[in-house]
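The following report is meant for someone meeting this structure for the opening time. It begins with one pair of side chains and then widens to the chain as a whole.

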Amino acid sequence: MAGQTMTDRLLAARHSIAGQGLAKSVCKATTEELIGPKKKHLDYLIHCTNEPNVSIPQLANLLIERSQNTNWVVVFKALITVHHMMCYGNERFTQYLASSNSTFQLSNFLDKGGVQGYDMSPFIRRYAKYLNEKAMSYRTVAFDFCKVKRGKEDGVLRTMNAEKLLKTLPALQAQLDALLEFDCTAQDLTNGVINMTFMLLFRDLIRLFAGYNDSIINLLEKYFDMNKKQCREALDLYKKFLIRMDRVGEFLKVAENVGIDKGEIPDLTKAPSSLLDALEQHLAALEGKKGSAANTPTQSASHRTDVKSGVSALSSTSTAFGSAAQQAEGVEESLRQQALADEEAAMNIYKSKVQSPTSVAAPTTNPFLVSSPTAQPILDLFAAPAPVSEQLATATKASDDLLQLGNPFADIFSGAPAQSAPAPAAVPPNNMWMTNGFNNGAVPASTNSFVSDTAFSSVFGAADNAAQPAAAVPGAGVGAGGQAKVLTGDLDTSLASLAENLTINKGTTPPVKGVQWNSPKNTGKPGQTGWSPQPMAATTGANYRPMDFKWT
């Protein structure tokens, strides 16, 4: 199985069309390709956990939904993505998984699609159980054991009081047991997906056991000050610690066999067996059992000496695991700092290329920046309109504006045109298409690309602007010379004048002045003499009586 499958591509395309960027990123990180999730997808999802406008429940539910797939590769990669985000993402993600009831229900998962699916299904079930236990431990103690502060002076588990420590250690042991139950060998690590899982578990094991070792040291230092019940619980926890130490050693051997650098694998130093005997004898003395000689001062002093020797041995183990954990965190921190430095360098290069908007050499393509205040006229949309005389003076030809309504913005921008000598008209070459098919002369030059003045006047009538008086009264319908004067800005008058100019045979038909809105007068019909219309009786007067109808 090489490359993304058609199902992955169709699913990503569907999320792209729907505008679901987060779902697309989750789909990209959990494809059916037999490699671990790519770093760029994991980094983007980690970045999403730090963004306040990204829904953490939606992100977690998308990953849980992907873990319900029938393909073992998709399920395994979904679990890896969740684990990676719990380790390196924002703590809100872990908090949601710990507080919600939506856990990974994969205890019966089995991929029957192939032999490799049968082989990988048990590891998927164990891995899902570990992630559930990791979230459960966070719900119990309200912090992550892998991220807790370690150290002798200010370590959380090293300085915890005895009562709280006895309640915290069972949660830590349960998480460590779930990790050790993964139980893989070097022969099982046959593909990139399970290899990435093993590396994440290895790093968690280093941090977990470092904290576990600190808590046991704290427990041993306070053992002789506990009561009988607490000593019994502490002794039981120490016996379990010895068993888990052996299993941790086996896990580290597998890590060494798969090629992990020996410098990253810490050394395990076991406590002497005499320590366990001293603890048991002290508990027997507290219970008052027969044959116990732990209550003598000499025996008590020897027991304390054994505890000190055991604590020193465990301290060396704690130091080794702590150094390994810090080394891993240092490598991750160096990579993070390198990424931040590269991003800052790229930003500085970009800032050096982009000029400041306030500089004198700013590009002229910015319409909001001008070199001087007097370079362009400032448009005042709320200023009073210009006088009519100026509007008429700036008008050009009737053919430039069919209705001569004018453009107030164009009039403002145009201003008073500068007087310049007219350029000589260019004589175009002879063109049969422009001479109505007869190539008998040069076509006269016209400054209007739409239509000539002569052709416009022959259809719409001549509009001699020069014949009009300078102070024309707005609203006048008829100008000098009997020609209709269209005024700028008056729509009704302009339409009426246009209708008058379009009248056929306007030489014989008298011009109609104004529009007759009332009913015409009653006049005699042609061919009838001595006839006059009878006015209808008023029906609204006081003496009006309706006609009576009688039925017989």
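## Salt bridges

Asp 144 and Lys 134 are partners in a salt bridge, with their closest N and O atoms 3.6 Å apart; the term stands for a side-chain nitrogen of Lys or Arg within 4 Å of a carboxyl oxygen of Asp or Glu. Because Asp 144 lies in the loop between helix 7 (115–141) and helix 8 (162–180), while Lys 134 lies in helix 7, the pair ties together parts that are ten residues apart in sequence. Helices here are DSSP runs of H or I with at least four residues, strands are runs of E with at least two, and both are numbered from the N terminus.

This is a predicted model, in which local features need pLDDT of at least 70 and side-chain atom pairs count only at pLDDT 80 or more, whereas totals for chains, interfaces and linings use all residues. Residues are numbered from 1 along each chain as its sequence is written, and side-chain values use heavy atoms, with hydrogens and water left out.

Asp 144 is buried, at a relative accessible area of 9%, and Lys 134 is buried as well, at 2%; buried means under 20% relative accessible area, exposed means over 50%, and partly exposed is in between, with a 1.4 Å probe and protein chains only. By the salt-bridge rule the count comes to eleven.

Glu 287 and Arg 232 form another salt bridge, where the closest N and O atoms are 3.1 Å apart. Since Glu 287 belongs to helix 11 and Arg 232 to helix 10, this pair ties together parts that are 55 residues apart in sequence. A further salt bridge joins the side chains of Glu 256 and Lys 262, at 3.6 Å from N to O. Salt bridges that share partners also join Lys 134, Asp 144 and Asp 204 into one network. In general, side chains of opposite charge can pair when their charged atoms come close.

The table lists the relative accessible area of the residues in the latter two pairs.

| Residue | Relative accessible area | Class |
|---|---|---|
| Glu 287 | 28% | partly exposed |
| Arg 232 | 39% | partly exposed |
| Glu 256 | 36% | partly exposed |
| Lys 262 | 59% | exposed |

Helix 9 is mostly covered, with 24 of its 30 residues buried. At its start, a side-chain oxygen of Asn 191 reaches to within 3.1 Å of the backbone nitrogen of Val 193.

Helix 11 (residues 273–287) has 15 residues and reaches 22 Å from its first C-alpha to its last, close to the expected 21 Å. Its buried residues include Leu 275, Ala 278, Leu 279 and His 282. An α-helix has 3.6 residues a turn, so residues three or four places apart point the same way. After helix 11 comes Gly 288, whose phi is positive, near 75°.

Val 82 lies in helix 5 (residues 72–88) and is buried at 1% relative accessibility. Apart from neighbours within four places in sequence, Val 82 is in contact (heavy atoms within 4.5 Å) with Leu 63, Phe 93, Leu 97 and Phe 104.

Val 254, in helix 10 (residues 228–257), is buried at 14%. Its C-alpha atom is separated by 6.1 Å from that of Thr 185, which is 69 residues away along the chain. Beyond four places in sequence, Val 254 touches Cys 184, Thr 185, Ala 186 and Phe 198.

Thr 31 is found in the loop between helix 2 (21–29) and helix 3 (39–49), and at 3% relative accessibility Thr 31 counts as buried. A polar contact of 3.0 Å joins the side chains of Thr 31 and Lys 77; such a contact is a pair of N or O atoms within 3.5 Å, where within protein one must be able to donate a hydrogen and the other to accept it, and residues adjacent in sequence count only if both atoms are side-chain atoms.

## The whole chain

The protein chain holds 16 helices and zero strands, and buried residues make up 34% of its 552 residues. Among contacts with a separation of 6 or more, 72% are between residues 24 or more positions apart.

Note on methods:
Expected span 1.5 Å × (residues − 1).
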